[in-house]
Amino acid sequence: MKRDVPSPDSAAGTDAVPAQRTFAVRRWRHGVMTPEVDHLAEEVPVALEYNGISHAVMLATPADLEDFAIGFSLSEGIVGKAADIYGIDVEAGEQGITVKVEIATGAFVELKGRRRALAGRTGCGLCGTESLDEVMRMPQPVRSAATFDPRVFEHAFAALHKRQALLRDTGATHAAAWMRADGELALVREDVGRHNALDKLAGALARGGQEDIARGAVIVTSRASYEMVQKTAAIGAGVLAAVSGPTSMAVRLAETAGLTLAGFVRGGTMVVYAHPQRIQSE
């Protein structure tokens, strides 16, 4: 597995599958139809295998897939720490991409036990999860004493928009970014799926190992769903700020997990739904 940290704006795709493609289109504008070339974000099936056993298939943008595998493994509780991942191989095929993850024996034994326990239950069908118990996983309480000036979030979202290379070309991707306490963006990841973008960010943070997770914040260009709160809390960040609103379930989880949750961060405003003590104004 590569141990170097990818560029924050990395979105080049794998060697075999680009992150975007061009298509010949016809554009109608002000009564006139003209031929043009348009850029579309790529979306491919990405199969995650652990120690040779298939676990999940996600539709994702084929960029930063090692980050994706690490972040997914951490946020879904498959491994407890990045060091439990021994290797990652990314293989492109005719039907999609297979990401083969080698994990520690103990983590694999637990994963197999979870799969056996789920085998006879009725599935809930939520994001591939096979039981309600799995959906409602409770992360460890967030331990973060960091505080933020509300104004840094607006500046960070403006900077994020400029660094969304795939969005600029295609208009079809979400982004998740890591913001330091002073508002500086340290890492940005994009994907057609908001959960995937956050998993890629989590993986990039784990690979780098240079950021103090308890002192930063996650910002996302989407709504704040339950799973986004769950994944943010799982990596130990104290704040999740979203450009759109949260769901009520997301707010309840944020309250329980000790996570500061802010929504509608735009135009010089924000709404803080849980644990407002980390957002302090003069």
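Trainee: Which residue is the bridge partner of Leu 261 in β12?

Mentor: Ala 274 of β12 is the bridge partner of Leu 261. The model is predicted, so local features need pLDDT of at least 70 and side-chain atom pairs pLDDT 80 or more, while totals for chains, interfaces and linings use all residues. Residues are numbered from 1 along each chain as its sequence is written, and side-chain values use heavy atoms, with hydrogens and water left out.

Trainee: How many bridges join β11 to β12, and in which direction do these strands run?

Mentor: Strands of a sheet pair through backbone hydrogen bonds, either parallel or antiparallel. Strands (E, at least two residues) and helices (H or I, at least four) are DSSP runs, numbered from the N terminus. Two strands pair if DSSP finds at least two bridges between them. Here, four bridges join β11 (residues 260–266) to β12, and the two run antiparallel.

Trainee: In what order do the strands form the sheet?

Mentor: The open sheet has six strands in the order β8-β7-β9-β10-β11-β12, with mixed pairing. Its edges are β8 (185–191) and β12 (269–274), each with a single partner strand, so one side of each has no neighbour in the sheet. From one strand to the next, the twist averages 20 degrees. Such angles run from 0 to 180 degrees between N-to-C directions, with axes fitted as lines to C-alpha atoms, for helices over the stretch in contact (heavy atoms within 4.5 Å).

Trainee: Which strands does helix α4 lie across?

Mentor: Helix α4 (residues 150–162) lies across β7 (174–179), β8, β9 (217–220), β10 (239–242), β11 and β12, and it runs at about 50 degrees to β9.

Trainee: Are the residues of helix α1 buried or exposed?

Mentor: A residue is buried under 20% relative accessible area, exposed over 50% and partly exposed in between (1.4 Å probe, protein chains only). In α1 (residues 65–75), 11 of the 11 residues are buried, so the helix is largely enclosed by the rest of the structure. Just after α1, Gly 77 takes a positive phi of about 75 degrees.

Trainee: How many aromatic pairs are there?

Mentor: Rings of Phe, Tyr and Trp (its six-membered ring) pair if their centres lie within 6.5 Å; planes under 30 degrees apart count as stacked, over 60 as edge-to-face and the rest as tilted. This rule gives two aromatic pairs. The rings of Phe 68 and Phe 72 have centres 6.1 Å apart and planes at 55 degrees, so this pair is tilted. Both residues lie in α1, four residues apart, about one turn of the helix. The rings of Phe 148 and Phe 153 have centres 5.6 Å apart and planes at 55 degrees, so that pair is tilted. Phe 148 and Phe 153 are both buried.
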